[in-house]
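Please have a look at the sequence and the structure first.

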Amino acid sequence: MVTNNKAQSVPVVEEKTELKSLYLETLQLVERLHRRLLDVIKDEFDRAGRTDINAVQALLLFNIGDSVLTAGELRTRGFYLGSNVSYNLKKLVELGFIDHQKSRVDRRAVRVSLTETGQEVARVVAELYDRHIGSIDKVGGLDEQEFTKMNKSLQRLDRFWNDQILYRL
């Protein structure tokens with residue numbers, strides 16, 4: 001009976017080892033995909049001869065789009081993908097990509113929106129994504145079903161991580 005218990009415990013350890021391996025691979029892929037997306041965006045601007053903006057800033061402008069947001073809203077909505085929201089917002093204001101105004105309700109809060117130049121950058125990123133959509137099924141082998149399944153899995157992982165933070169699990 002002792003041998004039987006040991007035999008039953010081995011598959012559980014192997015399953016956990018496999019799950020750990022898959023989980024770590026997923027984490028690595030998520031990090032790599034984000035870096036690769038920034039590389040793709042950078043390449044698009046490099047080919048157009050645009051050196052006035054970096055990929056993180058261009059992605060931030062795309063994510064703001066037509067919205068009027070505060071820096072805090074950018075962070076909580078997950079639109080910002082770097083370590084220093086204030087720095088990039090200040091830089092984008094200086095470069096003329098973003099307009100900023102103090103909130104009428106809370107004078108400490110600054111609301112940001114895109115200028116026409118910022119909207120042009122956001123359009124470049126949108127057009128890049130549209131080109132990708134035109135060929136991702138044929139070239140990348142990713143169709144709607146695959147994206148639906150992938151998005152559901154990533155949303156569940158996001159929810160899991162949020163719960164880890166919220167409930168200190």
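When I speak of helices and strands, I mean DSSP runs numbered from the N terminus, with helices being H or I over at least four residues and strands being E over at least two. Please keep in mind that this is a predicted model, in which local features need pLDDT of at least 70 and side-chain atom pairs count only at pLDDT 80 or more, while totals for chains, interfaces and linings use all residues. Residues are numbered from 1 along each chain as its sequence is written, and side-chain values use heavy atoms, with hydrogens and water left out.

The chain has 6 helices and 3 strands, and along the sequence they come in the order α-α-β-α-α-β-β-α-α.

Let me turn to the interior, where buried means under 20% relative accessible area, exposed over 50%, and partly exposed in between, with a 1.4 Å probe and protein chains only. Of the 169 residues, 21% count as buried. Leu60, which lies in helix 2, residues 55–64, is buried because its relative accessible area is 2%. The C-alpha atoms of Leu60 and Val121 are 10.0 Å apart, although 61 residues separate the two along the chain.
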